[in-house]
Amino acid sequence: MENISVAAARRPDAVGSNVGLRGWVRTRRDSKGGFSFLEINDGSCFANIQVIADGSLPNYEDVIRHLSPGCSIAVQGEIKASPGKGQSTEMHAQEIMLYGQADTETYPLQKKRHSFEFLRTIAHLRPRTNTFGAVARVRNRISRSIHDFFQEEGFLHIHTPIISASDCEGAGELFRVTSLDLANVPKQDGKVDFARDFFEVPSFLTVSGQLQAEAFACSLGKVYTFGPTFRAENSNTSRHLAEFWMIEPEMAFFELPDNMDLAERFLKRIIQDVLADCEEDMQFFQQRIEKTILETLRKVSESQFVRLPYTEAVQVLEKSGESFEYPVQWGHDLQAEHERFLTEQHFQSPVILYDYPRGIKPFYMRVNDDEKTVRAMDVLVPKVGEIIGGSQREERLDVVESRMREQGLDPDAYGWYLDLRRYGTVPHSGFGLGLERMVQFVTGMANIRDVIPFPRTPGNAEF
Ligand code: ATP
Ligand code: MN
């Protein structure tokens with residue numbers, strides 16, 4: 001007998017077929033008439049399928065009447081049209097086989113609802129809950145949408161390294177990679193002798209694939225990377241992880257407005273794909289997580305993003321009359337509260353801020369003619385804040401070298417990167433989208449730890 005998924009069994013065209021289903025029991029309810037209802041979920045869709053197990057089944061008393069949440073079973077039977085509301089089909093079991101028990105005394109997912117805090121302590125079991133199943137399916141749909149979008153646009157997917165000796169941002173927050181014996185570190189003149197380490201230079205987990213992506217964009221045109229990135233920043237916020245996934249397109253011959261156009265189309269495409277294909281999951285987020293999520297997403301997918309120079313954003317904030325915890329000052333990074341004011345109150349729309357002060361942005365961003373600002377852009381969305389950071393890159397050799405010195409970096413350490421400006425340099429641009437921030441935005445999930453399978457944050461690497 002053919003095994004099918006719960007998703008397939010729930011479709012009306014499955015009625016009349018004799019099939020097998022395999023999955024986990026969510027609930028069991030015994031009827032006075034001597035039969036039982038089982039709700040089975042296999043992860044293929046949000047909903048369960050109802051299985052009706054008749055008391056005449058040979059293992060009814062010994063097995064079926066003891067099935068509890070979490071038990072894994074295989075069922076064979078016929079799919080019939082269901083008279084119940086909220087479902088079009090149900091299965092009438094001819095045979096039920098138990099794979100594994102889930103002891104009712106100890107299985108942690110007995111109760112219907114648990115706090116997300118508690119579920120983080122059982123991260124290996126939380127994918128069995130409605131919320132985490134829905135998050136996993138939406139996250140998967142987003143990943144697919146990302147590849148579809150770039151492939152259809154003629155981008156090459158490239159794999160940039162995870163281990164790198166170059167620190168993209170020129171700032172700390174790096175995880176070191178070493179094979180040295182930490183109890184017995186070789187030293188030379190009182191300093192660690194990295195010449196005896198595996199890579200013979202200090203090496204780190206990557207914070208971004210951008211610099212390497214630039215090398216491929218400046219050879220092959222339009223490329224993107226999609227990989228894990230690592231930041232040892234000790235920020236315990238609902239929007240930061242120590243390990244997260246980033247999508248970084250990099251495009252030769254793109255200037256900042258082209259970069260903004262791409263970012264806007266890209267975000268809208270993801271939203272449209274999720275709305276089209278994850279209806280049940282999104283209904284759940286709407287009902288249980290964020291009451292306005294569907295309306296927000298529809299609005300965003302049809303709206304035009306506001307585009308505003310940083311300097312004008314500062315003026316808007318100064319004139320707002322709001323009392324912010326951190327004062328707004330030209331030349332300083334905007335805080336989350338400022339970003340939220342712009343997207344949630346003032347514009348009520350995603351906002352692309354651009355032309356940031358050079359002092360707060362990395363060396364690789366192109367300096368504007370005013371010499372004060374660089375061609376940076378951040379895409380801000382309601383609730384989540386910054387979801388994309390990007391820029392037009394500085395393609396002039398002398399300017400990028402002096403920007404490195406300005407930031408205390410040694411241009412000699414970036415020889416290969418400068419070669420891209422030395423030989424056939426071109427204007428080019430790119431950006432980074434944090435995958436988990438996008439999943440947060442689309443699902444309305446408040447904490448970033450709940451949109452990645454196994455979150456890595458300070459003190460947490462157990463699972
Ligand atoms: P933030 O100011 O929010 O800390 P950032 O400016 O340091 O972010 P970028 O270096 O611009 O971030 O990285 C590009 C994108 O990666 C961000 O727009 C965001 O979506 C995502 N991102 C950055 N840091 C993290 C993190 N620690 N956890 C999850 N996503 C992140
Ligand atoms: Mn940024």
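How many residues surround ligand 1, and which are the closest? Before I answer, please note that the model on display is predicted. In this model, 15 residues surround ligand 1, and the closest are Arg231, Glu233, His240, Glu386 and Ile387.

Let us consider where this shell comes from. Three strands each supply at least two of its residues: β13, spanning 243-252, β17, spanning 385-392, and β18, spanning 428-434. The largest share, four residues, comes from β17.

I turn now to individual atoms. In the side chain of Glu386, an N or O atom is 2.7 Å from an oxygen atom of ligand 1. A nitrogen atom of ligand 1 lies 2.9 Å from a backbone N or O atom of Leu241. For Ile388, a backbone N or O atom lies 3.5 Å from an oxygen atom of the ligand. Taken alone, ligand 1 exposes 590 Å², and the protein buries 82% of that area.

My second topic is a pair of helices. Helix α10 covers residues 397-406 and helix α11 covers residues 415-422; their axes come within 9 Å and cross at roughly 150°.

Thank you for your attention.

Definitions and conventions: Residues numbered from 1 in each chain as written. Chains lettered and ligands numbered in written order. Predicted model: local features only at pLDDT ≥ 70, side-chain atom pairs only at ≥ 80, totals over all residues. Heavy atoms only, no water. Near = heavy atom within 4 Å. Polar contact = N/O pair within 3.5 Å; in protein donor to acceptor, adjacent residues only side chain to side chain. Areas by Shrake-Rupley, 256 points an atom, 1.4 Å probe, with all protein chains shown as cover. Axes fitted to C-alpha atoms, helices over the stretch in contact; angles between N-to-C directions.
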